[in-house]
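Colleague: Before we discuss this model, please show the sequence and structure.

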Amino acid sequence: MVVLVESLDFCGRAAPIIRCIRPRLFFLALILSGSALVCGCAHPRQTEPEVNPNDLNDQGFQVYLARAPLITVDEAYRAMLILADGEDTSQGFAERKEKLESRGIARAAWNLQADNVIDAGSLAFMVCRICKISGGVNSTLFGSWGLGDRRYALRELIYRQMVDEMIDYQFVTGADLHGLMRKADALMMEKGLYESENIDLTDEGDRDEHGELIVPPSPN
Amino acid sequence: MTKNFLAAATLCLTAGFFDPSIVMGQAGDGAASQPAVKTGELVYEVVEVGGKVAVSPTGTDAQMKEGWTPVAKGQTIGAGQQLRVPTRSRIKMVARPADPPTVILIEQMTLINIGELAMMDGAAHSRIQIQYGAIKAGVAEGTSRSDMEIEAPTATLSKKGTDIFGFEVQADGRFKMFLTANGRGLVQGIINQSGAFGSSRMNSRFLTPGQWITHQMIRAIDNVQFDREVMVNDIYGLKGVDQLFTLLNNHGGVGFLLPVGSNTPGFLGGASQRDGLTTTDLNTNPQSGNNLAGVLQTSTQIRHVTGGDFGVGQGSLPGFFGGPPKLQLRRDCGTPTGGLCKPGTPIQAGNFTRR
């Protein structure tokens, strides 16, 4: 901003910057910078997907997520409802938004728009809420009332190796979201957050006293 | 003739009914699209299933609803079919007939295709392609061998007599392969890399039980902290064969101090032909010299090597163990066990003598 002001100075001689500052230009630059900070870098996807995800059922939508280059807020909300409830019965973005915000999974203060690309921090916060991951001291002290809530949630998921190292304001790819959903669902199953048959293959549960693999009997 | 004709027709129909090559029925609802399974072929039998697992012939678009049928317990899955496992779903299958059989678990959010599945030359041959998701399997060796490979877009897992191993793949190619802590055998992880004239396999690593690798092909042992005990061998506390074994394998943990060529005997102060100081000892004391055991037993002095194994001549070691003396003598030379001293060595060999 200082360089911009200098280039617009018409004093014509070497003078301290403070004398040659044009107040109106200075405040204009200040307002523009502040707007950028407030609005962030969120914007819609540049390319439209090959299929309309609204035409897909929940299983097809999960396959679509794996192939999508970037994920919108609406798609992320749908994915989170599938993760939380096993299915999404909502009719549109407004209904999904209302459901997630009423349950504390998403926050209205984020002011996310349906067609904008979702960021990693918002997604991480929602996953932590659904999987009942409480986080550390910072997350409890500051994140609980909104200060750095998304950043701390993302750091918590990175610590748990549910996502790779990333920044909280970067865009989320479909592959990232798909991988995160898989791990989150496995964690939910482990914690018993939904009813399941607990089908697994582990050293603890599938080996006999000699260490040999136990082969399940034929159901026929 | 009519009787003969009827008898022949009856015989043909009866033979056809009991022909073992006739298609075996598939259990479960929605099994109309299942392929024929002939006796002798290898199939995966579903022993446990939960959620909304669906199966379809290879090539069906996984995003679409059409072409997919739910999988039920007891159903068989064969080559040329793909499985779509969404959230809150899992499926466990057993390869049959095989002795011992293979147990496979496909976790949620997974899409796999079974490319090949057959008994070939006495081995259970299977090739599975995983687009994304996670798969775990236990393959024990028995009367028949098991040839199993799981291929992902960027990597291939080849098992070598193994149980229980896992393969997690993300849609963008990132992956993780692992062998459980109580696993047996080895798993070979192969990175697929495209060459100028098609794909070629490069960069493979073997995993031992408890290890894992990711798309960076870095062993867990390089990354995991506090995950396993590290034995720090005390070369001075160990004796005899234990000491010898430790030194031969890791130079007692101080291999980084060795000069170029890792002249272990020289480092430990033992006789080395190259240093020219112990020719007498070599000739008279069979325990010294090139016999490393003899070196360890008779000499505890850290010696400095004036030349490396390959004549690089790195000179003396860093002064970690003290300044380099010009000449060091065997402490016990001149004694019955220490052998003769070098010419010119003082008779009082009990003390160090420096020139």
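Colleague: Which residues does B:Ser89 touch, not counting residues up to four places away in sequence?

Modeller: This is a predicted model, in which local features need pLDDT of at least 70, side-chain atom pairs count only at pLDDT 80 or more, and totals for chains, interfaces and linings use all residues. Residues are numbered from 1 along each chain as its sequence is written, chains are lettered from A and ligands numbered from 1 in the order in which they are written, and side-chain values use heavy atoms, with hydrogens and water left out. With contact meaning heavy atoms within 4.5 Å, the residues touched by B:Ser89 are B:Gly50, B:Gly51, B:Lys52, B:Val53, B:Glu107 and B:Gln108.

Colleague: Is B:Ser89 buried or exposed?

Modeller: B:Ser89 is in the loop between strand 5 (81-85) and strand 6 (90-96) of chain B; strands (E, at least two residues) and helices (H or I, at least four) are DSSP runs, numbered from the N terminus. Buried means under 20% relative accessible area, exposed over 50%, and partly exposed in between (1.4 Å probe, protein chains only). Because its relative accessible area is 3%, B:Ser89 is buried.

Colleague: How do helix 7 and helix 9 of chain A pack, in terms of angle?

Modeller: The axes are lines fitted to C-alpha atoms, for helices over the stretch in contact, and angles run from 0 to 180 degrees between N-to-C directions. Helix 7 and helix 9 of chain A have axes 7 Å apart and pack at an angle of about 70°. Angles of 65 to 115 degrees count as roughly perpendicular, under 35 as roughly parallel, over 145 as roughly antiparallel and the rest as oblique. Therefore helix 7 of chain A is, relative to helix 9 of chain A, roughly perpendicular.

Colleague: Which residues of helix 9 of chain A are buried?

Modeller: Helix 9 of chain A spans residues 149-159. The cover over its buried residues includes helix 7 (120-130) and helix 10 (174-191) of chain A. The buried residues of helix 9 are A:Asp149, A:Ala153, A:Leu154, A:Glu156, A:Leu157 and A:Ile158.
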